[in-house]
Amino acid sequence: MDAHLKAAHAPAAPTYPINLRINGQQHQVEVEAWVTLLDLLRERAGLTGTKKGCDHGQCGACTVLVGGKRINSCLTLAVMQNGKEIVTVEGLADGAKLHPLQQAFIDHDAFQCGYCTPGQLCSAIGLMREGEARTVAEVRELMSGNVCRCGAYPQIVAAVTEVMGLAEHKDNPDRPYIPGTVPA
């Protein structure tokens, strides 16, 4: 039997039923064991705000909140999240009213091309919920898993620390930045 006929007669890969609550809505899906949460969100749920960057957990573009904690959705299988609450960037706003962090990103020009912004936002919300960051330096360190190729880090830190209510919002007061530029 030639290879094409064997492939045509091969049994379908088994699928597994999972239940997820994504951005407040219940979803019941059948997935193969190897489907990542990222691919489920983008390809099956149509939530393309979460970005596929490196697909290796090194850039943070795919960061979402699972049970309120930030995770790289490219590194977890969808079946591992059965029964969990998932929040993506699409679930942050309350209707037409932006989440305060989204508004702060706009106010501080904390995005350039915008590719990393969904992951940055979800990561920052997770960071605030964790309650571990109490200084600008800690915010910067705990957000270091999210890469911004445009270099908007000072603006991102300023937006996050403003929403957190930290007294000093600037990343480094000795090196001021002008929105829209990359500090040298």
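This is a predicted model: local features need pLDDT of at least 70, side-chain atom pairs count only at pLDDT 80 or more; totals for chains, interfaces and linings use all residues.
**Overall make-up**

The chain has 184 residues, of which 39% are buried. Its secondary structure consists of six helices and five strands. Read from the N terminus, these elements follow the order α-β-β-α-β-β-β-α-α-α-α. When contacts between residues at least 6 apart in sequence are considered, 56% of them link residues at least 24 apart. The accessible surface of the chain comes to about 10,200 Å², and 54% of that area is supplied by carbon and sulfur atoms.

**The hairpin of S1 and S2**

Strand S1 covers residues 15-22 and strand S2 covers residues 25-32; the two pair in the antiparallel sense, with eight bridges. Ile22 has Gln25 in S2 as its bridge partner. Two residues lie between the strands of this hairpin, and Asn23 adopts a positive phi near 50°.

**Asn146**

Asn146 belongs to the loop that runs between helix H5 (136-142) and helix H6 (153-164). Is this residue buried or exposed? Asn146 counts as buried because its relative accessible area is 5%, while the cut-off for buried is under 20%.

The side chain of Asn146 has polar contacts with a backbone atom of Gly60 and with the side chain of Thr63. The table gives the two distances.

| Side chain | Partner | Distance |
|---|---|---|
| Asn146 | Thr63, side chain | 3.4 Å |

Which residues does Asn146 touch, leaving aside those up to four places away in sequence? Gly60 and Thr63 are among them, together with Cys59, Gly119, Gln120, Ser123 and Tyr153.

**A nonpolar surface patch**

Leu98, Ile106 and Phe111 make up a nonpolar patch on the surface, and their accessible area together is about 230 Å². Leu98 sits in the loop between strand S5 (85-87) and helix H3 (100-107). Leu98 has a relative accessibility of 34%, so this residue is classed as partly exposed; that class lies between the limits of 20% and 50%.

Terms used
Residues are numbered from 1 along each chain as its sequence is written. Side-chain values use heavy atoms; hydrogens and water are left out. Helices (H or I, at least four residues) and strands (E, at least two) are DSSP runs, numbered from the N terminus. Buried means under 20% relative accessible area, exposed over 50%, partly exposed in between (1.4 Å probe, protein chains only). A polar contact is a pair of N or O atoms within 3.5 Å; within protein, one must be able to donate a hydrogen and the other to accept it, and residues adjacent in sequence count only if both atoms are side-chain atoms. Contact means heavy atoms within 4.5 Å. Patches are made of residues with over 30% relative accessible area and no salt bridge: like charges are joined within 9 Å, nonpolar side chains (Val, Leu, Ile, Met, Phe, Trp, Tyr) within 5 Å. Accessible areas come from the Shrake-Rupley method with a 1.4 Å probe; for residues, only the protein chains shown count as cover. A salt bridge is a side-chain nitrogen of Lys or Arg within 4 Å of a carboxyl oxygen of Asp or Glu. Two strands pair if DSSP finds at least two bridges between them.
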